[in-house]
Amino acid sequence: MFRFESYTDDMEQKWDAFVRERSVNGTFLQARAFLNYHPKGRFTDASLIIYNEKNNIAALCPACVTEQEGRKIFYSHRGSTFGGIVIDRKHYNAKYVVTMIQELQDYLKSQGYAAAYLKMTSDIFSCVESDLFQYAFQYAGWEEHKELSTYVNYGSYKEPILSNFAQGKRTNVHNCEKAGLVCRPLTRDDEVREFYDILCENLGKYDTRPVHTIEELLEFKNVRLTEESGFFGIYQEEKMLAGSMMFYFREAGCAHTQYLAARQAYNKLSPMTFMYYSMIVEMKNRGYERISWGTATEELGTVLNMGLITSKEDFGSSYCNNLTYSIEL
């Protein structure tokens, strides 16, 4: 029923048009306009275009080749939070989805892959719920991996906003307001660079670096994601104490905090809490239905950062799962 063809650069416009105009679960993170910020050679692209029997595009699968112990692995594109199967509404029914997954499995096996991992779009960023995919993967014998994520659902959030916070967080916000902290957008490149320095300082205590370089963040801001990203800072007078980078999933009504960071020297004041609070207020005022904090897990959900999840719960957060499916071929 379906035909699988490797993505080539000349298909970039058709790929992005499908993600943007036809898919029900695609996001800008699965568009080539985003994926192509990675320099050539960072990943071995193995993305697929899936055609129906009339030779029309039915779905896309952003992916790359990885290797595990000498085995060739088909993996959702590692240059994005989500890869998975991006499908249009016409083919989002039981007959097509079940058949597509079974035939994809057979195709990957015929191409010499030993295993496959598909990281699907989370429900909070999708225009359709993932229940059909969940069943179809189970039906085909794939294993499900859950990564625990949190978000604020404005539909069930009480007014005033602070009433949803744990007492300690409410106190932090009040203290920050008394200290004169304010939130404002970062519009200049030098402001984003200052935020990036804070981010590097913040992650340095865990001996890690941001996933993106400052050059990549500025490329997002000025070229690739001018409408899909934004930066904010928390200031005391003219000193930036904290910052955030936001991704906007407008079709799904969800804003996502890609990065949050605060100066360590001001931990006692807790400008990070004020950053969370400010983003909740800002995104609500912009008309979003949800604001996402991201996952608190690692290694396909087998490791839970209890301190991180507890902190996010203290803002009155709801829960969702990011789902990855794997199979040995």
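How many residues lie between E11 and E12 in their hairpin, and which residue in the turn has a positive phi? The hairpin has two residues between the strands, and glutamate 237 in the turn has a positive phi of about 60°. The structure is a predicted model, in which local features need pLDDT of at least 70 and side-chain atom pairs count only at pLDDT 80 or more, while totals for chains, interfaces and linings use all residues. Residues are numbered from 1 along each chain as its sequence is written, and side-chain values use heavy atoms, with hydrogens and water left out.

Helices (H or I, at least four residues) and strands (E, at least two) are DSSP runs numbered from the N terminus. Two strands are taken to pair if DSSP finds at least two bridges between them. Strand E11 (residues 229-236) runs antiparallel to E12 and is joined to it by eight bridges. Phenylalanine 232 has serine 244 in E12 as its bridge partner. On E13, serine 244 has leucine 260 as its bridge partner. Strand E13 (residues 254-262) is also antiparallel to E12, again with eight bridges. Four residues separate the strands in the hairpin of E12 and E13, where glycine 253 has a positive phi near 70°. Of the 11 residues of E12, 10 are buried (under 20% relative accessible area; exposed is over 50%, and partly exposed is in between, with a 1.4 Å probe and protein chains only).

An open sheet is formed by four strands in the order E1-E3-E4-E7, with antiparallel pairing. Strands E1 (3-6) and E7 (86-87) are at the edges with a single partner strand each, so one side of each has no neighbour in the sheet. Helix H3 (residues 94-110) packs on this sheet and touches E1, E3, E4 and E7, where contact means heavy atoms within 4.5 Å. Within the sheet, four bridges join E3 (residues 48-51) to E4 (residues 57-61), and isoleucine 50 stands opposite alanine 59 in E4.

Helix H8 (residues 271-285) has 15 residues and spans 21 Å from its first C-alpha to its last, close to the expected 21 Å; the expected span is 1.5 Å times one less than the number of residues. Buried residues of H8 include Phe274, Tyr277 and Met283. Glycine 287, which follows H8, has a positive phi near 95°. In helix H7 (residues 214-224) lies glutamate 216, which counts as buried because its relative accessibility is 8%. Glutamate 216 touches Tyr37, Arg42 and Val211, leaving aside residues up to four places away in sequence.

Glutamate 159 and proline 160 are joined by a cis peptide bond with omega of about -5°, and proline 160 is in the loop between strand E9 (143-153) and helix H5 (167-178). Glutamate 69, although not a glycine, has a positive phi of about 55°. This residue lies in the loop between strands E5 (63-68) and E6 (71-76) and is exposed, with a relative accessible area of 84%. Glutamate 299 also has a positive phi, near 50°; its place is the loop between strands E15 (297-298) and E16 (303-304). At 59% relative accessibility, glutamate 299 counts as exposed.

Technical notes:
Axes fitted to C-alpha atoms, helices over the stretch in contact; angles between N-to-C directions.
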